[in-house]
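Trainee: I would like to learn how to read a model feature by feature. Where do we begin?

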Amino acid sequence: MTLLSRKADYALLILSYLHSKAGNGNAREIAEQFDLSRPFVANILKELCQKGFVASHRGVKGGYALARPADEINLAELLESIEDGFR
């Protein structure tokens, strides 16, 4: 029995990666770091942006960064927003 879906697991990995980078990350480097599908990582990043966990920046030095400090991100809040039917 799995406790988290792949999507939730990858969302946690992505947030952890962005926190460790303390700056920008992009879908390609995150996918390469964890040997994941780039389109799947991009979709998760898009959803994390829509839910307010991640901010995207366009341009040459663009990418993704945490929208707020990591210590303000609650695991239950993340799982409720990513997992359908999680309570």
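This is a predicted model: local features need pLDDT of at least 70, side-chain atom pairs count only at pLDDT 80 or more; totals for chains, interfaces and linings use all residues.

Trainee: Let us take helix packing. At what angle do helix H1 and H3 pack, and how far apart are their axes?

Mentor: Read the angle and the axis distance together. Helix H1, residues 6-21, packs against H3 at about 75°, and the axes are 10 Å apart. Angles of 65 to 115 degrees count as roughly perpendicular. H1 is therefore roughly perpendicular to H3.

Trainee: Which residues make that contact?

Mentor: H1 contributes Arg6, Lys7, Tyr10, Ala11, Ile14, Leu15 and Leu18. From H3 come Phe40, Val41, Ile44, Leu45, Glu47 and Leu48. By type, the contact of H1 with H3 has ten nonpolar residues, no polar ones and three charged ones.

Trainee: And how do H1 and H2 pack?

Mentor: Their angle is about 110°, with 11 Å between the axes. H1 is thus roughly perpendicular to H2. On the H1 side the contact uses Leu13, Ile14, Tyr17, Leu18 and Lys21. On the H2 side it uses Glu29, Ile30, Gln33 and Phe34. The contact of H1 with H2 divides into six nonpolar, one polar and two charged residues.

Trainee: Next, aromatic rings. How many aromatic pairs are there?

Mentor: The general idea: a pair of aromatic rings is described by the distance of the centres and the angle of the planes. Here the count is two aromatic pairs. Take Tyr10 and Phe40: their ring centres are 5.5 Å apart and their planes stand at 75°, so the pair is edge-to-face. The cut-off for that label is an angle over 60 degrees.

Trainee: Where in the chain do Tyr10 and Phe40 lie?

Mentor: Tyr10 is in helix H1 and Phe40 in helix H3, 30 residues apart, so the pair links distant parts of the chain. Tyr10 counts as buried at 16% relative accessibility. Phe40 has a relative accessible area of 24% and is partly exposed.

Trainee: What geometry do Tyr17 and Phe34 have?

Mentor: Tyr17 and Phe34 are edge-to-face, 6.0 Å centre to centre with 75° between the planes. Tyr17 lies in helix H1 and Phe34 in helix H2, residues 27-34, so the pair ties together parts 17 residues apart in sequence. Tyr17 is buried, at a relative accessible area of 8%. Phe34 counts as partly exposed at 26%.

Trainee: Now single residues. Is Leu45 buried or exposed?

Mentor: Use the cut-off: buried means under 20% relative accessible area. Leu45 has 0%, so Leu45 is buried. Leu45 is found in helix H3. Then list the contacts. Leaving aside neighbours within four places in sequence, Leu45 is in contact with Ile14, Leu18, Ala27, Ile30, Val54 and Tyr64.

Trainee: What about a charged residue? Which side chain makes a polar contact with the side chain of Glu47?

Mentor: The partner is the side chain of Lys7, at 2.9 Å. Glu47 is in helix H3, residues 38-50. At 17% relative accessibility, Glu47 counts as buried. Not counting residues up to four places away in sequence, Glu47 touches Lys7, Ser81 and Ile82.

Trainee: And where is Ser81?

Mentor: Ser81 is in helix H4, residues 75-82. Ser81 counts as buried at 18% relative accessibility. With the residues up to four places away left out, Ser81 touches Glu47, Lys51 and Phe53.

Trainee: Last, the backbone. What is phi of Asp35 near?

Mentor: First the background: most residues other than glycine have a negative phi. Phi of Asp35 is near 55°, a positive value in a residue other than glycine. Asp35 lies in the loop between H2 and H3. Asp35 is exposed, with a relative accessible area of 72%.

How values were computed
Residues are numbered from 1 along each chain as its sequence is written. Side-chain values use heavy atoms; hydrogens and water are left out. Helices (H or I, at least four residues) and strands (E, at least two) are DSSP runs, numbered from the N terminus. Buried means under 20% relative accessible area, exposed over 50%, partly exposed in between (1.4 Å probe, protein chains only). A polar contact is a pair of N or O atoms within 3.5 Å; within protein, one must be able to donate a hydrogen and the other to accept it, and residues adjacent in sequence count only if both atoms are side-chain atoms. Contact means heavy atoms within 4.5 Å. Axes are lines fitted to C-alpha atoms, for helices over the stretch in contact, and angles run from 0 to 180 degrees between N-to-C directions. Angles under 35 degrees count as roughly parallel, over 145 as roughly antiparallel, 65 to 115 as roughly perpendicular and the rest as oblique. Ala, Val, Leu, Ile, Met, Phe, Trp, Tyr, Cys and Pro count as nonpolar, Asp, Glu, Lys and Arg as charged, and the others, Gly among them, as polar. Rings of Phe, Tyr and Trp (its six-membered ring) pair if their centres lie within 6.5 Å; planes under 30 degrees apart count as stacked, over 60 as edge-to-face and the rest as tilted.
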